[in-house]
Amino acid sequence: MACAVFDLGKSTMRLTVVLEDESAAFQTRAATPEPLNGPYRALDLSTIEAWLLSALKQAAATTAVRDIIVTAHGAAIAAIDPHGQLSAPVMDYEWDAAEAAPAYDDTRPSFAETGSPRLPLGLNLGRQLAVMDDGFPAEATFLPLPQYIAFLLSGERSSEISSLGCHTDLWAPYQRRWSSLSARRGWAERFAPRIEAQETLGRVRTEVVAATGLDPRCRVRCGAHDSNAALVPYLDQDTAVLSTGTWFIAMVPGGSGEGLDEERDCLVGCDVTGRPVPTARFMGGREYALAAGAKPHTSTWDDVERVLGSNLFVLPSLTNSGGPFPDRKGDLTEEAAEAADRAAAASLYTALMAQTCLSLLPATEGITVEGPAATDIFCGCLAAFFPERSIERVEGGGATYGAARLAMPGITPPEAETVPPPPLSNEIRAYADRWQERLAG
């Protein structure tokens with residue numbers, strides 16, 4: 001049995017065919033296309049769809065694909081007319097919808113109701129709807145981004161809880177119902193029927209079979225928000241999960257949202273079962289790239305040790321995307337002479353920001369790091385910051401593995417490696433103290 005997982009990220013899109021032993025029979029990736037300009041910045045879904053069909057054709061020539069499931073980033077919504085065509089372009093959440101709909105803030109429900117903090121740009125999905133709603137025909141149906149891609153493949157319309165509960169202002173996670181805003185604006189009744197992420201929507205459309213060579217019996221599953229797909233293997237464990245990519249998202253499955261600081265980009269999302277998930281986040285992958293500079297370098301512990309003894313710090317925030325220090329304008333404290341130093345400082349910065357996010361959430365016995373940041377250095381720094389907690393890293397897994405597990409529940413769990421505190425732990429903690437002093441000053 002093989003499941004094709006399409007993971008549409010903000011920076012990278014990838015198609016992976018996962019087997020039941022968790023091995024990948026096929027994988028290909030590409031940069032996510034740049035948004036299109038128009039009345040507002042919009043996702044280039046035509047290019048994304050063309051790439052996906054081409055990738056599925058390659059996959060179908062490699063192995064027999066029996067299931068397809070989609071994960072995608074949050075804060076994106078498609079409105080389709082009765083003929084299945086987009087009623088309007090799908091807004092890119094980095095477009096400044098906040099400027100386009102300033103009155104929206106007066107209509108937002110409270111954080112206590114939705115678990116959604118006020119976020120910049122178009123990161124609150126309700127704000128996007130406030131901008132676009134007047135242009136939608138009354139009969140348009142709303143689909144979150146993962147379900148829109150699933151619709152292109154299956155022809156079936158659906159919505160799903162992990163995307164609806166992702167800092168949208170549209171969902172009340174503790175009551176497990178639509179928010180007062182959704183009801184008041186009539187948006188709730190316009191969403192496609194809500195089903196579970198693992199449910200089968202139907203078979204692939206005949207046009208997709210013709211374009212790709214997929215078996216006509218191949219099933220399309222509903223799909224999920226990407227970070228919540230990464231959370232799937234850990235729903236019953238006493239661990240905080242730090243999912244890393246363009247965004248670094250810390251989540252505590254089953255944790256309490258009491259006392260979360262909405263001013264520091266803490267929120268209450270929903271896992272794929274609908275259960276509330278306390279969450280904190282920052283745009284770690286993007287900020288690492290900005291801090292590391294144009295010349296990428298793979299850091300060593302020697303590089304880190306050199307920076308620990310210096311006055312080179314990266315200070316938050318480097319993007320206008322929220323995070324635990326949303327009102328700070330970040331930079332480097334001094335110019336790095338070597339690319340190696342700048343990259344090491346960037347690694348320390350993302351670890352310090354991750355520590356901050358994790359400290360804003362309920363404490364757990366362990367911390368599990370998955371995704372591209374699950375390196376010796378990054379995880380070693382977390383082990384220095386949290387010596388009382390078990391730090392584990394998973395090099396595989398992530399949204400792709402979690403989504404595959406939804407389609408194939410018996411799939412082999414990803415192997416986790418426990419990371420001990422490094423020899424430089426005292427120096428790392430001293431550097432963190434000096435970083436905090438810089439922030440306070």
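How many of the residues of E14 are buried? In this predicted model, 5 of the 5 residues of E14 are buried, and the strand is mostly covered. Strand E14 spans residues 266-270. Cys266, Val268 and Cys270 point one way from the strand, while Leu267 and Gly269 point the other way. In a regular strand the side chains alternate between the two faces of the sheet. In E14 the residues pointing either way are buried.

E14 belongs to an open sheet of 7 strands. The order of the strands is E14-E15-E13-E12-E18-E19-E20, and their pairing is mixed. E14 and strand E20 (417-418) stand at the edges with a single partner strand each, so one side of each has no neighbour in the sheet.

Next comes the pairing within this sheet. E14 pairs with strand E15 (residues 276-282) in the antiparallel sense, over 5 bridges. Within this pair, leucine 267 stands opposite threonine 279 of E15. The two strands form a hairpin with 5 residues between them, and glycine 274 in this hairpin takes a positive phi near 95°. Further along the sheet, strand E12 (residues 239-243) runs antiparallel to E13 and is joined to it by 3 bridges. Here valine 241 has methionine 251 of E13 as its bridge partner.

Side chains of opposite charge can pair when their charged atoms come close. Arginine 275 and aspartate 271 form a salt bridge, with their closest N and O atoms 3.1 Å apart. Aspartate 271 is buried because its relative accessible area is 0%, under the 20% limit. Arginine 275, at 25%, is partly exposed.

Is glutamate 263 buried or exposed? Its relative accessible area is 58%, and glutamate 263 is therefore exposed, since the limit is over 50%. On the surface, Glu263 gathers with Asp261, Glu262 and Asp327 in a patch of negative charge.

Salt bridges also occur elsewhere in the model, where the count comes to 22. One of them joins arginine 127 and aspartate 105, at 2.7 Å from N to O. Arginine 127 lies in helix H4 (residues 125-132) and aspartate 105 in the loop between H2 and H3, so the pair links distant parts of the chain, 22 residues apart. Arginine 127 is buried at 0% relative accessible area, whereas aspartate 105 is partly exposed at 29%.

The loop between H2 and H3 also holds arginine 108, while aspartate 169 lies in the loop between helix H6 (161-164) and strand E7 (171-172). Aspartate 169 and arginine 108 form a salt bridge, their closest N and O atoms being 2.9 Å apart. The pair therefore ties together parts that are 61 residues apart in sequence. Aspartate 169 is buried at 0% relative accessibility, and arginine 108 also counts as buried, at 17%.

Proline 102 is a further residue of the loop between helix H2 (97-100) and helix H3 (111-114). With a relative accessible area of 56%, proline 102 is exposed. The C-alpha atoms of proline 102 and arginine 127 are separated by 9.1 Å, and the two residues are 25 residues apart along the chain.

Technical notes. Residues numbered from 1 in each chain as written. Predicted model: local features only at pLDDT ≥ 70, side-chain atom pairs only at ≥ 80, totals over all residues. Heavy atoms only, no water. Patch = residues over 30% accessible without salt bridge, like charges linked within 9 Å, V, L, I, M, F, W, Y side chains within 5 Å. Areas by Shrake-Rupley, 256 points an atom, 1.4 Å probe, with all protein chains shown as cover. Salt bridge = Lys/Arg side-chain N within 4 Å of Asp/Glu carboxyl O. Lys, Arg positive; Asp, Glu negative; His and termini not counted. Charge placed at Lys NZ, Arg CZ, Asp CG, Glu CD. Helix = DSSP H or I, 4+ residues; strand = E, 2+ residues; numbered from the N terminus. Buried < 20%, exposed > 50% of the residue type's maximum accessible area, 1.4 Å probe, protein only. Pairing = 2+ DSSP bridges.
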